[in-house]
Amino acid sequence: MKNTYRRPGLRRLRRTREALGTGAVAAVASVVALGGLAVWTAAGYAGSPARIEVRESRVLLPVIAGRKTNAYFRIVNTGGAPDRLRSVSSRSVVSDIELTVHRMNTRSGAYRERRGAVGVPAYGEVVMSPYGTAVTLPAGETWRPGDRIAFTLDFERTGRVTVDAVVRPVTLGSGSAP
């Protein structure tokens, strides 16, 4: 004959011990996570938004007035969060302004291809150039070397940043041709 007599107090005691063990694991995990977050914050990595600065800007004056040309910007992010350049606009340019990237075809011909947003990494920079990302636009008929053209760069997190780009003539052999 089996002993069917069980002590209800032992069962409760066992369940209480199991619950305390599970709770202890959860508590230790929480303390470790909070400690890690505290170290991350103390090191300056938490809560630091993107801080965008445009440090250099130029737009090339094409040899034939009114033709397409490129503008180049050096965009620096001194903040702890990445950002993205979504678009560029200018009151001085009436038609299409687009973000583009330099490409080569199979016959060694270069062309520009429209691209989406341009990522600006945290604590990093994007330097636009004739051989990479650029802003392609039609040149103004009245632009002259030394003129300043206002551009508004629209970033996903930072919002709009307005800068003046200096008009510079295209010089062959200097790497500044569009």
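The model is predicted, so local features need pLDDT of at least 70 and side-chain atom pairs count only at pLDDT 80 or more, while totals for chains, interfaces and linings use all residues. Residues are numbered from 1 along each chain as its sequence is written, and side-chain values use heavy atoms, with hydrogens and water left out.

I begin with strand 4. Strands here are DSSP runs of E with at least two residues, numbered from the N terminus, and two of them pair if DSSP finds at least two bridges between them. Strand 4, residues 98–104, runs antiparallel to strand 5, residues 110–114, and five bridges join them. Within this pairing, Arg 103 has Tyr 111 as its bridge partner, and Met 104 stands opposite Ala 110. The two strands form a hairpin with five residues between them, and Ser 108 in the turn has a positive phi of about 60°. Strand 4 is also joined to strand 8, again antiparallel, by four bridges; there, Leu 99 has Val 135 as its bridge partner.

I turn next to the core. A nonpolar core is a set of buried Ala, Val, Leu, Ile, Met, Phe, Trp, Tyr and Cys residues joined through side-chain atoms within 4.5 Å; buried means under 20% relative accessible area, with a 1.4 Å probe and protein chains only. The largest such core has 31 residues, and those with the most contacts inside it are Phe 73, Ile 75, Phe 151 and Leu 153. Strand 1, residues 52–61, gives the most to this core, with five residues.

The structure holds one aromatic pair, where pairing requires ring centres within 6.5 Å, and planes under 30 degrees apart count as stacked, over 60 as edge-to-face and the rest as tilted. The rings of Phe 73 and Phe 151 have centres 5.5 Å apart and planes at 80°, so this pair is edge-to-face. Because Phe 73 lies in strand 2 and Phe 151 in strand 9, the pair ties together parts that are 78 residues apart in sequence. Both phenylalanines are buried.

Finally, I come to Ser 90, which is placed in the loop between strand 3 and strand 4. Is Ser 90 buried or exposed? Ser 90 is buried, because its relative accessible area is 12%. Leaving aside neighbours within four places in sequence, Ser 90 is in contact (heavy atoms within 4.5 Å) with Ile 97, Ile 149, Ala 150 and Phe 151.

How values were computed: Buried means under 20% relative accessible area, exposed over 50%, partly exposed in between (1.4 Å probe, protein chains only). Rings of Phe, Tyr and Trp (its six-membered ring) pair if their centres lie within 6.5 Å; planes under 30 degrees apart count as stacked, over 60 as edge-to-face and the rest as tilted.
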